[in-house]
Structures are given as C-alpha cells and as structure tokens.
Amino acid sequence: MVYFLLPNQNPQIDSWYYAACVKHHHELFNSHHLLYNVWGHCFYTFLKFVFPHIEAIKALNFMNALSATVSLFVLFRILKNMGTQALTALWLTLFCGVSFGFWRFASDAETYSLPLMFALLATLFYSDTKKYTSVWCALFSVLAILTHQLYIWWAVALFLGHLLSKSQKNTLAFSIILLFVPLVYYVSYLLLDSDTNGFINFILGEYSKGNAGIHLSGQTLLLGGINLIRTFVQVHGNMIYLFNEFGSFYWFLILLILYFVFKNFKLKNLQFVEAKLSKNALFFVALIGFVLHFLFALVSDGNAEFMSMLPFLMVIGLAAMFEFKNVRLLATFTVLLFVWNLSFAILPNHFKNISQVNLQVKYTIQNPHEIFVWTDKPLVENQVDYVLGFTHSIRYIKKDEVNIDSMTHILKQGKKVYTDIGLQTTHWTRASMIEKQSETDLNRYFKFNKVDSFENLYGKNYIYQLLLNNE
C-alpha cells in the first residue's frame, strides 16, 4: 500500500526524462534500458483508457509500484521453493520490501523496479523442479537485461548456476535463448538508424560518449561502502534539516528504536541462525550475483542505484545457507527498518519540497524567449520537456559555463535572464562528492533583482532577474 499511496514527489532528472519520453513518444528505445520506455508507454496508454487524465509520470510510478509488489510475491515463492518456513519467508520478503534501495524505486518513475521483477521471475523458474523451467528462466533473464543492461550480471549468475546444477540440455537451452539479447539490440539498432559509430557503441551508449565510465579510487570505495549501507537503511545529508524541523519526533523515534534493539539483543542464549547441512544450489547463484552487481556498482562511482537488487540476492543466499531460528528477532528488525525508512525517506519525499524546481519550470515556460541559468539545469530542462515536448527552443546556460561578456551582450539586447543561483540544498550527497562544484562571478558584475521566492526543506530561496549594474 505504501508503494502506491506514497509516491516520491521529488522525482529526479532521469524520472522526468523517462516520463517525458513516454508522454511524447520520444526515445522509446534507449541503449542502457532498451525496453523500459516501451513498457512505460504501453502501460501509460493502457491506463489512459481507464483514467483519461492520468499523468505519464504517475503512470510510471504506478507501474513501478506494481512491479515492486509482484517482486515481493515472487521472492516469497522462491524462498518457499527453497524450503524456508512460511513465516520466515514472509519476514525475509518484507525485509527486502522495506529496504531503502528497493523502496525508493518502488515509489518513483526510475528504471530499476521492473527489471528486478523479471530477474526474480527468472530465479523463480530456476528454483522450480518442473520440466522446461530453464526456458522460462532464460526468457525472463532476457526481459530483465532488455529492460536494463545492469541485469546482465544476474543472468551470468544464473548461467553459472546452470553449469553447476542443471543438465547440459537445460544449460544449452538457457544459453541459446540468451542470444535473443544481442539479436533484439541489433534489430533495434537497425530500426533506429542510430547516429552512433557502430553497433558496439550503440550498446555501450553513454559509456561510448564519455558521459559514463568505470572508475576505481579511494573515493569510490568510500561511496560504495556508504551506498551499500544506504541500500538497506536511509542515511542522507538532509536528515540534519529534518531534525531541525521535526526534532522532537525524530529523537523520540531513535530512542524507541534503541529500546527495541536493546530489548531483543539482551536476551540470553540468543541463536538467530543455524547453518544448513546442505546448501541449496541458489546459494551460488545469489553469491555470484551479489558479488558481480556490487563490484560493478563499486567501479561505477559507488552508484547506489546499481545496488537496488542486493537485498534480494542477500536474502536468497542467506536462506540457502541458514535456517532462521528466531523469527521474532527478524520481524522486530524488519519493522524497525520499515519505521526508519518511512520516517527519514518516504514520508519526507512525499510531503516535503526537497529538490522540487516547480517555480523555475513555471518561469521557463512563461518566458520561452528569455535566457535561464538554473542551478539544476537538467532537472528543470527535463521537467519543461515533460510539459512542452522536445521541439521547443528554450535556451539555457549552464552555471559553470556563464561568460560575463556574452551575458552582458545578452542583457544589452533586451533579453531577460532568470537564475536561482544560491539555491539552498545539502552538500552531503554523492553528486557533490564526485563532481567539482563551481560558482559563478555573476554577483560581481550584475544586479540580482528578486522576482519570486519559495521554501524548500533547506530554507527560503529566490528567483532572480539579472540586471546590468547601471540599471
């Protein structure tokens, strides 16, 4: 219910872009998540028959909430197939469902919920003993990869699992069906008449353009460790501001959580798990999948988005290796995790203005012939594209690309320039740690005339019109 009732009201850059593509039939095929916008467009079109006025971004929220819900039912069946007791399987499933890395995408328009559902369905058929299950396992693996390339690692884990525990016939069938992935990519490449330099560059997408890459450094290791924690429990720089505004509630919440933790762990002779004599074959699939996905996230600047599946792989691996002896402790921990993530992430993202740029979007749309220097230009730009489509000619200037002489020339021509430089936010984010933050010298050369204001979580903010100093 919380997936459907508490969607994120602060969607980020990619969410607005996917919603704009779905709404305006633009770039329905994207190399990194080839079919995601296609699924979204079909789902949006279907919902419009029932709810004619539904917004595309709400349709994507609904699709992701639905796929996330299905993922939990599928995980429960996987755990049952592995011989896990029903009550234990229920609480392990709920643990994954309330983990922040999964929950955040179940309530957003991003690309990460739907492919996880397909990967779990593939794993469900792997865990089944019925005939021809390897065919279905491979087909859902193909759908997972085509919905997001990231799931190639889960498919590799399932392939190695076939080598270890399935017959040669099943392994061969799985391998042959996986060839549909490059086939569909190649057909898409031909149909799109892509301007990329060859098929391989089409597959590599942003990596071939230099907009994404593989890096490994001390900083990425630090970010990877932090984001691994955040995959389960929300920890963010905006928590400081939440404490400033709702301090009494959050201090009470922390004390309550500490009380239940102390109450449970002070029990004597506490045995949480007991090792199984024989490990289920899914242990190796989950272990390989977890390692591959985590390593890829690690070398991708410690990207938290690439870790959303880790709770599921971890739970499957643990259930294959251990028998959970204390369900009450598992249930208590899961409920506390639910309360924490609901309070520090889901409720603020639903009710508070944390990163909304609604006023900037309004000024951009109302003044299409003027110039805009927005702090979060991509977020404003994608939201404007969502409203107007991709054919407008609104001009933006990146904050770190402002040229004083050209700006002076623009103002002398009578053009208006709007900016929100000074937008209040938190600096404790992944982006602020890996990107060079630059400021402009606009305030030294131009007047800042306040034309509007708005409040966000971090304080009062202003929209300014830039004026020449002699005006």
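Biologist: What makes Glu245 and Lys352 a salt bridge?

Modeller: The rule asks for a side-chain nitrogen of Lys or Arg within 4 Å of a carboxyl oxygen of Asp or Glu. In this predicted model, where residues are numbered from 1 along each chain as its sequence is written, the closest N and O atoms of Glu245 and Lys352 are 2.7 Å apart, so the pair qualifies. As the model is predicted, local features need pLDDT of at least 70, side-chain atom pairs count only at pLDDT 80 or more, and totals for chains, interfaces and linings use all residues, while side-chain values use heavy atoms, with hydrogens and water left out.

Biologist: Why is Glu245 called partly exposed?

Modeller: Buried means under 20% relative accessible area, exposed means over 50%, and partly exposed is in between (1.4 Å probe, protein chains only). Glu245 comes out at 39%, so partly exposed it is. Lys352, at 21%, gets the partly exposed label too.

Biologist: How many salt bridges does that rule give?

Modeller: Two. Lys377 and Glu381 make a salt bridge as well, with their closest N and O atoms 2.7 Å apart. Both lie in helix α20 (residues 377-388), four residues apart, about one turn of the helix.

Biologist: Is Lys377 buried or exposed, and why?

Modeller: Buried, because its relative accessible area is 15%.

Biologist: On to the rings: why is the Trp39 and Phe118 pair called tilted?

Modeller: First, the search of the whole structure finds 41 aromatic pairs. Rings of Phe, Tyr and Trp (its six-membered ring) pair if their centres lie within 6.5 Å; planes under 30 degrees apart are stacked, over 60 edge-to-face, and the rest tilted. Trp39 and Phe118 have ring centres 5.8 Å apart and planes at 45°, so they are tilted. Trp39 is in helix α3 (residues 36-50) and Phe118 in helix α7 (residues 113-127), 79 residues apart. Trp39 is partly exposed at 30%, whereas Phe118 is buried at 8%.

Biologist: And what makes Tyr185 and Phe202 edge-to-face?

Modeller: Their planes are at 65° with centres 6.2 Å apart, so the pair is edge-to-face. Tyr185 belongs to helix α11 (residues 180-192) and Phe202 to helix α12 (residues 199-204). Tyr185 is buried at 3%, and Phe202 is buried at 6%.

Biologist: How do you know that Lys450 sits over the ring of Tyr462?

Modeller: The test wants NZ of Lys or CZ of Arg within 6 Å of the ring centre and within 35 degrees of the ring normal. The charged end of Lys450 sits over the Tyr462 ring, 4.1 Å from its centre. Lys23 lies over the face of Tyr386, at 4.4 Å from the ring centre.

Biologist: Last one: why is Leu5 called exposed?

Modeller: Its relative accessible area is 55%, so Leu5 is exposed. Leu5 lies in helix α1.

Key: Helices (H or I, at least four residues) and strands (E, at least two) are DSSP runs, numbered from the N terminus.
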